[in-house]
Amino acid sequence: MIKFVIDSTGYLPQEMLAEYDITVVPLSCFVENREYREGLPGTFEPIYEDAERSKIIPRTSLPSTQAFVDAFEKILSNGDEVICMTLASTLSGTNNNARLAAEMTSAPDKISVIDSGSAAQTIQLYMEELLKLAGAGKTRQEIVEMFPEIQSRGGVAFVPETLENLRRGGRISMLSATLGNVLKIKPILMFQSGVLKCAKKAIGDLKAVLALVETIPKEAKKIIVLRISQSQFFENVKKAVKQHFPAAIMLEGDVGPVIGAHIGRAFGACWIC
């Protein structure tokens, strides 16, 4: 049997993890000297509140190779195979640690490590597709070979409510952040082929909501509306998605502090066609 492993930035709901016996290897974030192992959706707000009180942007830390080795060996000991999917290797060394860990196990030939090329609940949407393939009797090798086609149908975009986290993380300059905040210029940040890029810009939050929704392909069959911390525009995005995609399945998703540390309070959406 094939068992699946993800890192915590997939933010899969507890029910899905339990139903399919999916293993989660957590990343960590640090607020000052306090370490938080990233948990599941519904547990993030105390970390965000601590960061707000401290007026500090959390630092993040990836899982050790040993954490992945332990997760893999537990599955292998039951005679099962492993498919592990992580957040984009361009964003974190998590995928590299998972690959190194696979080689350190007792049966590396029974483990496949996939680079999602993305982050957050896009991984949930990809995982749903992989589970369908496994349920249809596809082998581990067949599933891995089919993943690029699945990946080509998904995407994720965010709109940060402030540019401060991006500035402190070195992704934009102080001048750009200052001008953006003063002029209320909102970038719509999108992952494409593992690269974070600015898909478009809008003036003001409400126009940014519409610009975000416009980045979602018309063929999207499932959309997860995302929030990082207590985004005040989350409900606006939900209404816009319902209006523009009445036939699509719409879900809600909370994004945890490991991703939130780099983007800050934000709203967004991920999808699959």
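Reader: Why does Cys 84 count as buried?

Author: Cys 84 has 0% relative accessibility, and buried means under 20% relative accessible area, with exposed over 50% and partly exposed in between (1.4 Å probe, protein chains only), so Cys 84 counts as buried. This is a predicted model, in which local features need pLDDT of at least 70 and side-chain atom pairs count only at pLDDT 80 or more, while totals for chains, interfaces and linings use all residues. Residues are numbered from 1 along each chain as its sequence is written, and side-chain values use heavy atoms, with hydrogens and water left out.

Reader: What makes the sulfur of Cys 84 too far for a bond?

Author: The closest cysteine sulfur, in Cys 270, is 19 Å from the sulfur of Cys 84, whereas a disulfide is a pair of cysteine sulfur atoms within 2.5 Å, and therefore the distance is too far for a bond. The structure as a whole holds 0 disulfides.

Reader: Why is Glu 128 called buried, and in which helix is Glu 128 found?

Author: The relative accessible area of Glu 128 is 17%, and therefore Glu 128 is buried by the cut-off already given. Glu 128 is found in helix 5, residues 122–135, where helices (H or I, at least four residues) are DSSP runs numbered from the N terminus. Not counting residues up to four places away in sequence, Glu 128 touches Met 16 and Lys 222, a contact being heavy atoms within 4.5 Å.

Reader: Why are helix 5 and helix 6 called oblique to each other?

Author: Helix 5 and helix 6 (residues 140–151) pack at an angle of about 140°, with their axes 11 Å apart; the axes are lines fitted to C-alpha atoms over the stretch in contact, and angles run from 0 to 180 degrees between N-to-C directions. Angles under 35 degrees count as roughly parallel, over 145 as roughly antiparallel, 65 to 115 as roughly perpendicular and the rest as oblique, so helix 5 and helix 6 are oblique to each other. Among the residues that meet are Leu 130 and Leu 133 in helix 5, and Phe 147 and Ile 150 in helix 6.

Methods: Helices (H or I, at least four residues) and strands (E, at least two) are DSSP runs, numbered from the N terminus.
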